[in-house]
Amino acid sequence: MARDSSAVVVDGVRRRRGAAESPGSHDHSGTVSPQGATAPAGLARDGVGQCSAGSPAGCSAPLPDRPPVAALRGAVLFLSFLVVLLLCALWRTHVRLNELTPPTAVDGPTTDHSLQTHPAAKTLVPTAGEREPVAVTVATTVDFSITIYAHNRPRLLAALLGDVGREAAAAGVTVAVNILDDASLGCTFPPTDDNVFDTWDADAEATAATAGRPRPAAAAFSPGEGFAGDPYLFLVASGDHADAAAELRQPCASSLRYAPIFHTVRSRPKWRLFTTRYRHGRRRYWHLVATAHRLLRPPSTPAARLYLFLPDDDRLATGFFTKAAASWASIPSTRKMTLLLHIEASREAVPVWTGVKPSPVAATDGAIVEVGWVESGNFLAPPRFLDVLRWSFPRVDPQRWVANPPISSGVGATLSELLHRSRWRMYRTHGSLLAHVSPGVSQMNGALRTAGDATHLSLRFADGEAAYNELLRGSPSVTASMASTYRREPALHAAVASLLPQVDALNIYLNDYDAVPRYLLGIPGLTVVWAGPLGDGSGAGDLGDRGKFFWAANLTTDFHFTVDDDIVYPPDYVATLVAFADAHEPPVAVGVHGIKILAEKLSPPGARRSAGYYGSREVFMGVDEVPEAVGVHILGTGTLAYRVASVGPLDAVADFPEPNMADVWFGVASQARRLPLVVVPHSKGWLREVPGTAAGSLYERFTARARADRLQTKAAVAAMPWVVYNATHIGNAKGRG
């Protein structure tokens, strides 16, 4: 039925317009209409000369239709929707403000932070109550992605990689590992005519990294150079067969030093070793970090739930991955961005870079501390960390080092300030899940570190103080020194190859060489002095075998090994001697070849003739079996090891007056210092002499002369009485047998 548009509803009764109208009618209210009519009580004018809904009496103007009920309902629903939106906005503002308050004001739910592992996928599954990080745009394929920044410390790097493999297996987690060697592999590459670090466009680089495109700077290099569109980076070894074609084909000078690392990496899927085109050091460290972040962009590296950034001189606590994941999950803030896993005395209780004072997080009972800063390493972060940095890193202005040349890299400061300005929150654990095992030696900030500086030691290591001290003693810096004659050049090559993976630095004194052998060139950590009449003037002339002590007056290393150019040293040689030495109370020197002086033969009573030095010895040969530790008077300096602090400085001329009798002179110096000398137990053949080197050796050349025995006998007699000083055994090391 058609609706009657001329009717109105008054007091619930539908009436036609004008049916009840009475011109001139009055209401008690006294309200007068514009037409002279008085509106009845309860009726208000609508402002356009019409009456609102109410009694028709006294309303002379025509009344409009009341809005339909459906329209009113729609208006109410629309207003309700607006109210809901307003309430949601207010709630989001409240939550944001709550996140910006100090951590003591943040309350979080009680959560079981234990690490759970999905049995099929082998990926971390969040426990009840854990808040997932936001802005994760790719599927997780590994639990942890680990970036290790490395330079010239293959021994320490090997120990760290061993920890990673062991702890990942123990926790049942999957890991991807990228090792970035900062040009210490000694590789050489074609030049570019672009000063690439100073033409760096940070925004363009970040845009390309985020989009997964090749670096804009690649245009300055030959097409196809580098790894995955990055001409600064080259893949050296990978545990994935699919990467074989991308591995660097050319040999690098330090390949021998890194041979154990190659083997480890190639045995582990998703582990890779890279080297860089140029050395970054501290003043270009920002570029190395940008390179690392770009490399993490999937699919170049598998996506991960958490990302770890470590230096090569860290060691992991027992249960590291479980503890690290649980520590991260325990932080109630949804604005958490980084978690430092290491703390040292120099930065424990002070604001760093951002002015934020360290403050324990109440919800974690002090196990987590909000600090407002983060280092360039030793921390973990969620995927959104890389999203925020756009898979790159800002350039640090080189003007930073103009006024203060020794200042550090600026990466930690830049990163901390960037995150702090964006109101992201940075934390650290109360104790250390990482142990820093070379606190007195910095590859990047050497001028700012001194040996024995306790401010850089790890505090409250999770495995305990005793375990940390054991790691420190088991991770000493080691320098080896040798002297060589030109007739040994092929043997020298073998000796060097056997030692390079085991030491941090190798010194070689070339006595009479026509030129420096090519295989000694360009190796970081290897120092060559070309002495003798054809040398470059860098040495002190032909010193003979005492050339191995050319550096002994100014050593800053923990251990000094003196070695020979005609011995192939076993892979565990350095580790065995270090462990054996540290199993004794210092001071002590140890070796594999030793001599006891027989006083009754060297200087017999009465008128009996001396048997001379060579006839007055009991020899414990380095190439033969020595079943038990033996205290001796003299150690062969081709197999000698000592802590520098125990022996002190030695001068290659003043302490070794005659050449080619270094063993005797070191024995004389040890008698003056009351230094215990001990032969390490070992099996036959553990040390191996290079065949064909006896003739023409320093030893043979000297002992063939008639005066050799007289000189050594004279020195030995002058040092009498010879005493075997006992070394106090304090450990379990038993040598090599």
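## Aromatic pairs and an open sheet

This predicted model holds 25 aromatic pairs. Let us look at a few of them, then at a sheet.

Tyr509 and Phe550 make a tilted pair, with centres 5.2 Å apart and planes at 50 degrees. Tyr509 belongs to strand β20 (residues 505-510) and Phe550 to the loop between β21 and β22, so the pair ties together parts that are 41 residues apart in sequence. Phe550 also pairs with Trp551: the planes stand at 85 degrees, over the 60 that edge-to-face requires, so this pair is edge-to-face.

Elsewhere, ring pairs link Phe559, Phe561, Tyr569, Tyr573 and Trp686 into a cluster.

| Charged residue | Ring | Distance to ring centre |
|---|---|---|
| Arg268 | Trp271 | 5.2 Å |
| Lys336 | Trp328 | 4.7 Å |

Now for the sheet. Eight strands form an open sheet with mixed pairing, in the order β21-β20-β19-β22-β29-β24-β30-β27. Why is one side of β21 (526-530) and of β27 (630-632) left without a neighbour? These strands stand at the edges and each has a single partner strand, so one side of each has no neighbour in the sheet. From one strand to the next, the twist averages 20 degrees.

Within this sheet, β24 (residues 589-591) and β30 (residues 677-679) run parallel, joined by 3 bridges; Gly591 stands opposite Val679 in β30. Helix α11 (residues 573-582) packs on the sheet and touches β19, β22, β24, β29 and β30. The direction of α11 makes about 130 degrees with that of β22.

Notes: Residues numbered from 1 in each chain as written. Predicted model: local features only at pLDDT ≥ 70, side-chain atom pairs only at ≥ 80, totals over all residues. Heavy atoms only, no water. Pairing = 2+ DSSP bridges. Helix = DSSP H or I, 4+ residues; strand = E, 2+ residues; numbered from the N terminus. Axes fitted to C-alpha atoms, helices over the stretch in contact; angles between N-to-C directions. Contact = heavy atoms within 4.5 Å. Phe/Tyr/Trp six-rings, centres within 6.5 Å; stacked < 30°, edge-to-face > 60°. Lys NZ or Arg CZ within 6 Å of the ring centre and 35° of its normal.
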